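This report walks through one structure, from its overall layout down to single residues. Keep the sequence and the 3D view at hand while reading.

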There are 2 protein chains.
Amino acid sequence: MSEVTTTDLYEVTMAMSYLREGMRAPATFSLFVRDLPPDRGFLVAAGLEPSLDYLSRFRVGPHDVEEFADALHRPAADLEPLLGLGFDGQVRAVPEGRLVFAGEPLLEVTAPLPQAQLVETYLLTQLCHQTAVASKAARCVIAAAGRPLVDFSLRRTHGPQAGFQAARLGALVGFAGTSNVAAATSLGIPASGTMAHSYIEAFPGEEEAFRGFARTHPGPVTFLVDTYDTEGGVAIAARVLKELGRGPGCAIRLDSGDLGALARRGRDILDAAGLTDVRIIASGCLDEYAVDELVRAGAPIDVYAVGTRVGVAADAPYLDAAYKLVEYDGRPVMKLSSAKVTAPAPKQVFRRSGRADVIGVWNEDPPPGAEPLLRTVMRGGSRTGRPDSLSDARARFDADVAALPASARRIHGPEPLRPVTSRRLAAMTAVVRRRIEEEIRT
Amino acid sequence: MSEVTTTDLYEVTMAMSYLREGMRAPATFSLFVRDLPPDRGFLVAAGLEPSLDYLSRFRVGPHDVEEFADALHRPAADLEPLLGLGFDGQVRAVPEGRLVFAGEPLLEVTAPLPQAQLVETYLLTQLCHQTAVASKAARCVIAAAGRPLVDFSLRRTHGPQAGFQAARLGALVGFAGTSNVAAATSLGIPASGTMAHSYIEAFPGEEEAFRGFARTHPGPVTFLVDTYDTEGGVAIAARVLKELGRGPGCAIRLDSGDLGALARRGRDILDAAGLTDVRIIASGCLDEYAVDELVRAGAPIDVYAVGTRVGVAADAPYLDAAYKLVEYDGRPVMKLSSAKVTAPAPKQVFRRSGRADVIGVWNEDPPPGAEPLLRTVMRGGSRTGRPDSLSDARARFDADVAALPASARRIHGPEPLRPVTSRRLAAMTAVVRRRIEEEIRT
């Protein structure tokens with residue numbers, strides 16, 4: 001299964017036709033999210049770095065041509081014009097970690113039409129999904145209000161690749177670690193995790209299990225205390241930690257029940273045993289709503305492990321994103337049918353301090369003091385700079401969140417900022433619409 | 001990124017400890033879904049074949065050991081006991097395509113404890129996600145009531161791997177094709193797709209676009225008719241098809257607006273042009289609810305293309321699944337805390353015609369006329385038979401759906417069947433619970 005054939009068939013049928021018709025002029029496609037899902041005050045741009053990796057590698061090889069021919073029931077010779085086609089276009093994009101809003105391009109591709117078309121599906125599957133998950137994870141970071149978060153989502157994500165991305169996106173918005181070993185080691189982020197209920201159950205009792213674990217792991221340990229009776233489990237954990245002289249860096253984990261109440265009771269038991277530096281980790285179907293509630297209630301939870309609901313962006317598992325042709329061969333284009341009207345022409349997003357963003361034409365003058373969000377990240381099919389680091393992306397995320405109005409940061413019922421359209425883009429949209437309507441009438 | 005290290009770190013810390021403590025006796029883990037999500041009358045067992053592939057390949061290599069050591073900040077020598085560890089256990093499982101209900105094991109693994117533990121995360125990420133998506137796709141098949149469905153989900157799934165699985169799972173429950181070229185060619189299922197709005201927009205007008213497409217594609221073509229004005233688009237498509245003498249196998253596609261009304265109007269225009277054999281394909285954020293509504297309203301839509309909402313199982317993107325230790329070294333075990341109590345011991349599910357399933361102990365006598373669902377699919381780490389085919393799975397799905405009560409098949413507010421517990425399993429659960437409660441007290 002190659003990356004090149006991991007595409008919708010229609011990209012291939014269209015590219016074949018463009019080549020046959022001699023339509024190789026530059027085309028600009030704009031990738032944007034039409035509307036934000038409910039309970040999203042912002043989105044976190046994500047998925048760009050993996051997308052640029054893909055574009056850098058993109059080249060239609062002989063085996064890809066055979067697969068295309070197979071899918072179309074056509075002789076391979078009919079697909080030969082695609083052989084060797086790579087990506088040598090330009091990409092302007094919002095760097096990972098920045099906050100974006102409805103209608104703002106995350107990325108614009110300008111390349112010969114067949115190339116720009118062929119990469120559509122793969123770019124969408126990277127950017128939509130990763131932006132959805134990063135945005136969910138970001139809300140957890142806001143809810144945790146400075147307390148560390150850890151990604152536990154691998155077992156519930158949509159396959160191993162999605163699990164890897166969830167770990168990466170958690171780190172991108174500031175998670176302290178992930179349970180995913182492969183992601184942790186390859187991305188250089190802390191790996192986290194100690195024991196499951198099965199571990200406790202395989203031993204005759206909790207005390208034997210905790211002691212057995214400590215024998216294998218001489219460093220800091222985390223004991224899971226809710227297998228049978230949580231308060232009893234905490235008491236046993238406290239006794240074992242005390243007897244073994246463990247404390248700093250150690251923790252207990254609560255995975256079920258009333259986490260707030262159990263954390264309070266657990267904290268009392270640990271403190272009474274003098275284990276004031278043993279931390280409490282909470283897990284179990286947590287998301288930003290649950291974390292927010294626990295934090296507001298003052299639960300003495302030191303670390304939140306979020307998994308399932310965050311890794312699949314449970315309440316908004318997809319984004320209403322589009323990859324729209326906005327210009328071909330110098331001519332702005334747009335779609336008119338139904339409610340899905342899109343503004344023509346390549347665009348730029350201008351961010352203004354304390355005010356709504358302006359979506360304008362890519363080369364118009366910025367409003368005074370405004371910062372353009374889209375940067376040229378690829379030219380002639382090559383990156384314009386070094387790949388971005390996770391810490392760069394995280395710094396951008398931190399700065400953007402700090403500047404976000406409280407109404408958009410809210411966990412419940414946030415109000416997203418609504419970008420405005422520049423005069424120039426509005427005028428151009430009106431002209432193109434009129435031109436197309438006249439063409440349809442005639 | 002290896003499959004072996006695509007795991008939660010705690011599987012590794014536990015396995016290390018099991019090995020150090022000499023705990024290599026056989027353990028049985030049971031993988032099941034605790035509760036069905038709202039609006040699910042059943043689940044479709046899926047993900048077994050990829051899971052068995054994984055288990056067949058599973059072996060901890062030198063590089064894996066290094067990654068584990070890296071993640072744990074331990075010298076590689078501490079992880080050496082894991083080197084070379086493979087999977088040589090037994091797997092009993094429900095074959096793909098069968099319908100299952102809450103609490104019924106999808107799969108049970110019996111293997112030396114460290115092995116059975118290490119494979120947990122990967123098995124969950126395969127089986128949970130694939131069962132969730134297959135179940136959503138199955139509801140679309142029921143809603144379509146015999147009309148063909150096509151998978152268009154790749155651009156919205158959680159990455160390319162998830163997109164591949166969505167295509168496979170669609171085929172497993174009877175979809176007629178997929179837009180995903182890689183999935184289509186590698187699985188031998190029909191590939192589907194012709195043109196996007198961008199194709200139309202790149203030409204001066206719709207007629208030029210349709211003619212251009214037909215020049216490249218001499219076989220059956222599908223024209224997308226809703227770029228500017230849908231009725232006008234249908235009229236142009238009809239004229240071009242008629243002039244070119246194309247008809248059988250050709251189609252028009254509606255992707256926006258009131259699909260039912262537009263299909264009716266489109267059908268009239270096509271029929272008036274004598275193109276009674278040109279089909280109508282509908283797409284655009286469809287799911288089982290939308291398909292059901294269109295079918296019930298008698299919309300003249302011949303093929304439904306479902307994407308986004310089905311590929312991510314939008315209303316139930318994860319399942320509340322668990323991989324629970326149920327027996328270690330011949331001793332049944334269970335967890336007691338909170339509401340998550342699980343019955344101990346390896347299990348079997350007995351299906352009875354027209355009645356609720358019985359969940360019993362794996363080796364108890366079946367109720368009269370009942371069929372055991374779990375089959376031994378792997379023994380000594382090797383498959384007991386040849387890999388299952390998609391058509392075998394589909395045949396099982398078709399038979400199970402045909403036997404399902406209408407109340408569980410319903411699209412809105414279905415009532416899932418509730419399995420009952422056998423007397424023997426209930427008695428064993430009571431005994432084990434009493435034993436553990438006594439142990440906790442002492």
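## Domains and overall layout

In chain A, the C-alpha centres of domain 1 and domain 2 lie 49 Å apart. The domain assignment gives domain 1 as 9-133 + 316-441 and domain 2 as 193-282. The model is a predicted one.

Chain A has 442 residues, and 58% of them count as buried. Its C-alpha atoms fill a box of roughly 85 × 55 × 40 Å along the principal axes. The secondary structure of chain A comes to 17 helices and 19 strands. Among contacts in chain A with a separation of 6 or more, 73% join residues 24 or more positions apart.

## Where the chains meet

The two chains touch through 91 residues of chain A and 90 residues of chain B. On the chain A side, helix H1 (residues 9-20) gives the most, with eight residues. That side of chain A divides into 39 nonpolar, 37 polar and 15 charged residues.

## Strand pairing in chain A

Six strands of chain A form an open sheet, in the order E7-E6-E11-E10-E9-E8. The pairing in this sheet is parallel. Strand E7 (177-178) and strand E8 (222-224) are its edges, as each pairs on one side only. Strand E6 runs parallel to strand E11. In that pair, A:Asp151 stands opposite A:Val306 of E11(A).

Strand E3 of chain A has antiparallel pairings. One is with strand E5 of chain A, and another is with strand E17 of chain A. A:Arg92 has A:Glu108 in E5(A) as its bridge partner. A:Ala93 has A:Arg375 in E17(A) as its bridge partner.

The table sets out these pairs.

| Strand pair (chain A) | Residues | Sense | Bridges |
|---|---|---|---|
| E3 and E5 | 90-93 and 105-112 | antiparallel | four |
| E3 and E17 | E17: 375-379 | antiparallel | three |
| E6 and E11 | 149-151 and 303-306 | parallel | three |

## The nonpolar core

Which residues have the most contacts inside the largest nonpolar core? They are A:Ala282 and B:Ala282, in a core of 303 residues. Leave aside the neighbours of B:Ala282 within four places in sequence. B:Ala282 is then in contact with B:Leu254, B:Leu259, B:Ala263, B:Leu294, B:Ile301, B:Tyr304 and B:Ala305.

## A buried helix in chain B

Helix H7 of chain B covers residues 160-172. Is this helix enclosed or exposed? Of its 13 residues, 13 are buried, so H7(B) is largely enclosed by the rest of the structure.

At 1.5 Å a residue, its 13 residues should span 18 Å. The C-alpha atoms at its ends are 18 Å apart, which agrees. Just after H7(B), B:Gly174 takes a positive phi of about 110 degrees.

## A loop residue in chain A

A:Ala297 sits in the loop between helix H13 (288-296) and E11 of chain A. Why does A:Ala297 count as partly exposed? It has 13 other C-beta atoms within 10 Å. A residue needs 20 or more to be buried and 12 or fewer to be exposed, so a count in between makes it partly exposed.

A:Ala297 can also be placed relative to A:Pro160. The two are 137 residues apart in sequence. In space they are 35 Å apart, C-alpha to C-alpha.

Methods
Residues are numbered from 1 along each chain as its sequence is written. Chains are lettered from A and ligands numbered from 1 in the order in which they are written. This is a predicted model: local features need pLDDT of at least 70, side-chain atom pairs count only at pLDDT 80 or more; totals for chains, interfaces and linings use all residues. Helices (H or I, at least four residues) and strands (E, at least two) are DSSP runs, numbered from the N terminus. The expected span of a helix is 1.5 Å times one less than its number of residues. Two strands pair if DSSP finds at least two bridges between them. A nonpolar core is a set of buried Ala, Val, Leu, Ile, Met, Phe, Trp, Tyr and Cys residues joined through C-beta atoms within 7 Å. Two residues are in contact if their C-beta atoms, placed from the backbone, lie within 7 Å. Ala, Val, Leu, Ile, Met, Phe, Trp, Tyr, Cys and Pro count as nonpolar, Asp, Glu, Lys and Arg as charged, and the others, Gly among them, as polar. Domain bounds come from an automatic or database domain assignment.
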